[in-house]
There are 4 protein chains.
Amino acid sequence: MREPRAAAPTAGAPTATRGRRADAERNRAAIITAATAVFAEHGAEVDVREIARRSGVGMGTLYRHFPSKEDLLRLSLEQEFTAWLTEAHERAAATQDPWQALSGFFEQVLTTQAHNRALMDSYVQTGGPTEACVQKCRAFIDALRERCERAGLLRRGVSTEDLLSLSASLCQVVQTPGGQHRWRRLMTISLDGLSSRHREPLPS
Amino acid sequence: MREPRAAAPTAGAPTATRGRRADAERNRAAIITAATAVFAEHGAEVDVREIARRSGVGMGTLYRHFPSKEDLLRLSLEQEFTAWLTEAHERAAATQDPWQALSGFFEQVLTTQAHNRALMDSYVQTGGPTEACVQKCRAFIDALRERCERAGLLRRGVSTEDLLSLSASLCQVVQTPGGQHRWRRLMTISLDGLSSRHREPLPS
Amino acid sequence: MREPRAAAPTAGAPTATRGRRADAERNRAAIITAATAVFAEHGAEVDVREIARRSGVGMGTLYRHFPSKEDLLRLSLEQEFTAWLTEAHERAAATQDPWQALSGFFEQVLTTQAHNRALMDSYVQTGGPTEACVQKCRAFIDALRERCERAGLLRRGVSTEDLLSLSASLCQVVQTPGGQHRWRRLMTISLDGLSSRHREPLPS
Amino acid sequence: MREPRAAAPTAGAPTATRGRRADAERNRAAIITAATAVFAEHGAEVDVREIARRSGVGMGTLYRHFPSKEDLLRLSLEQEFTAWLTEAHERAAATQDPWQALSGFFEQVLTTQAHNRALMDSYVQTGGPTEACVQKCRAFIDALRERCERAGLLRRGVSTEDLLSLSASLCQVVQTPGGQHRWRRLMTISLDGLSSRHREPLPS
DNA sequence: CATGAATGAGAGTTCATTCAT
DNA sequence: CATGAATGAACTCTCATTCAT
């Protein structure tokens, strides 16, 4: 879907060519897979060679598929982000209680992103790897917010942006030494602060 | 305070001696000032040459005063952190309402550290530039917590560590584009979640 | 020997693969060659850039092949030393007279190492570039010593270590301005002092 | 003697000036003393700052007295060398046996220079810190040689240059790890090779 | 089209020498 | 005339990117 090159060769393309393309696709996939793992473990600052090594391709192949390290990073994160958001959608759809859907989202942010340094960094800094991702995420959060709002569970005045920022801010705690055992408390606190129990208006 | 050499010349100290040292002190100060600014703007990864350029000294001078980049970074952050913590103490002492003292602290974290990338990074990652700083900060937060607790304002089970982590986590929002106008809302939400109004126990 | 990749292509190895590696090998060899020459001329303190320049490669290439200057130095010296020791073995094997074998070794030390500052420095200071080299050299000298001793030609009490030290000490003379024409005399003197003609015991 | 500036102020020079000169002399002496110690311990490559520190003067003062590190090195070594040669003269004069005078000289070279890295380096490389020193040393050795020759103790054909080179070559052994206990043996060997017992001609 | 070797601009750091005080 | 702070070129080494094979 994201890979127009993978389109099935409708005509009788020569096997050699098709083999090449298949190879290329496999390489491309291997690179993204490796990059995702490496970026997750070591963050975005990691040496590109490490990715090449892990994916089993040469530097030239890597740069043929991705014109720059940043491009590869972006694509890898986009993919991760998308998958993550997809799962978030599924979970939310499977959850009837609006508030539980919201808190489930927070939990997912903190459990999933905790193990992906580069992804988490992008989430914290800009809300996601690309503006498109951010938009989708925002839309999803907006839906969650609306569900809670309609159910009268959400504090008056809480915006989608608030929820996005709040989830991002909690992210970092997880990376903190010892944070693995503490984020749940902070999440509880923050979510409680979001409940309609609080009637004080938020500052503009 | 950090500069015994700069001790106020009580009597007519020899100009020659003082002049030399004064210049060196000015350079040292210029370096720290520049470093602080540069680290604040660009983070800890910035090129040392940029600091030398901004402070108007050569590399040798910089390294005469600070034996390594890390030393300079640490010193700059320590200074910033200490100044910040001092102000925090003063504010807290001048505030009668315990809760307002606590929220004032959060506000100060977010207003002051927001504009210093390197400082904020250290605060988020480890709680401060050095273990000593962290200890002092923790002690200060602990005092704030106790005041609120005694006054029955703080949610049961909230630890000092929780407050430290929470303040750190909120920090990052400020750096977010647009975060300058949103952190106050998140702070309110989080603080409300900390209030004794909430009787649900926190997860261990 | 050190280059399994350079193994002779017995069959029609694919040109592409071999071409690449061959080039790399050529570069590697060029670097060692240049390094050997440069170290020989200027000693171990020389700037790495000079080696890169002389070998016609960039710094990156140099560091791709040798992770540090010290590694390059060590490898270069090991190679030189090994080649030299190999030749020494051959000469000794081809020489029937034990005493001539010993004096031939001294001669070889002084003629070969004389023109390699870094190699000579290592020989003088530690007996060779690595402990392994030193051991091999010591073993070789020990064999020479035994041959002479069995033939009753060597002064009583002369140890392998004495011979090693003596050869090393003579080395430096060669580098002296004018030393090129004088070392043969010193060698003769020293060797004569080693002959069994002298029956006085050596100091412990 | 080497310090024309130390000439006694014959006229009634103002005290201030005389005090200055005295101070300057004291500084100069302190610098040489410190430099000598530092060069002896660490060799000629040592940081100039170490010398300034040890002599208790500033860098400016150091460079006022000695326009470059090399000048200071040369002067320090000259002084040491001269003192050493003076002692050598005295010893030789006090020794009746010509051969003992010669071997005493070798012994002095190896005991004295062993503890002075920079001095020894210069002795090994060029025969002394300056050409003048080398000449004086050569002259002294020549006298020793003549005494031995006249007494019929020295091998025919041994030149002054041979003796100088030989003493220099033995020097280095002392610095070798373990060399402290081995140089006496090598010295004995070499000296024995110099004795008139050997009638074979030396190579030209 | 894949390979991985080559590139070279910087990174942090040192030190002989100069110069303002 | 002393001081020691300041200078900056040079050092070893790294890494995103290019290019010959």
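This is a predicted model: local features need pLDDT of at least 70, side-chain atom pairs count only at pLDDT 80 or more; totals for chains, interfaces and linings use all residues.
**Symmetry of A and B.** I laid chain B on chain A and got an RMSD of 0.7 Å, with a turn of 176° and a shift of 0.0 Å along the axis. That is how a two-fold axis relates two copies. I then checked which residue of chain B sits closest to the rotation axis, and it is Gly193(B), with its C-alpha at 1.8 Å.

**The A/B contact.** I counted 35 residues from chain B and 35 residues from chain A. Every interface residue of chain B (100%) is also an interface residue in chain A, so the copies meet through the same surface. The two chains bury about 2900 Å² between them, 54% of it on carbon and sulfur atoms. On the chain B side, Arg185(B), Ile189(B) and Arg197(B) lose the most area to chain A, together 23% of what that side buries.

I found six salt bridges between chain B and chain A. I noted the one joining the side chains of Asp192(A) and Arg155(B), at 2.5 Å from N to O. Helix 9 of chain B gives the largest share of its side, nine residues. By type, that side splits into 11 nonpolar, 14 polar and 10 charged residues.

**Asn116(D).** I looked this one up in the loop between helix 5 and helix 6 of chain D. Asn116(D) has 3% relative accessibility, so I put it down as buried. Its side chain makes a polar contact with the side chain of Glu80(D) at 3.1 Å. Leaving out residues up to four places away in sequence, Asn116(D) touches Phe39(D), Ala40(D) and Glu80(D).

Conventions
Residues are numbered from 1 along each chain as its sequence is written. Chains are lettered from A and ligands numbered from 1 in the order in which they are written. Side-chain values use heavy atoms; hydrogens and water are left out. Helices (H or I, at least four residues) and strands (E, at least two) are DSSP runs, numbered from the N terminus. Buried means under 20% relative accessible area, exposed over 50%, partly exposed in between (1.4 Å probe, protein chains only). A polar contact is a pair of N or O atoms within 3.5 Å; within protein, one must be able to donate a hydrogen and the other to accept it, and residues adjacent in sequence count only if both atoms are side-chain atoms. Contact means heavy atoms within 4.5 Å. Copies are superposed by least squares on the C-alpha atoms of residues with pLDDT of at least 70 in both. Buried area is the accessible area (1.4 Å probe) that two parts lose on being put together, summed over both. A salt bridge is a side-chain nitrogen of Lys or Arg within 4 Å of a carboxyl oxygen of Asp or Glu. Ala, Val, Leu, Ile, Met, Phe, Trp, Tyr, Cys and Pro count as nonpolar, Asp, Glu, Lys and Arg as charged, and the others, Gly among them, as polar.
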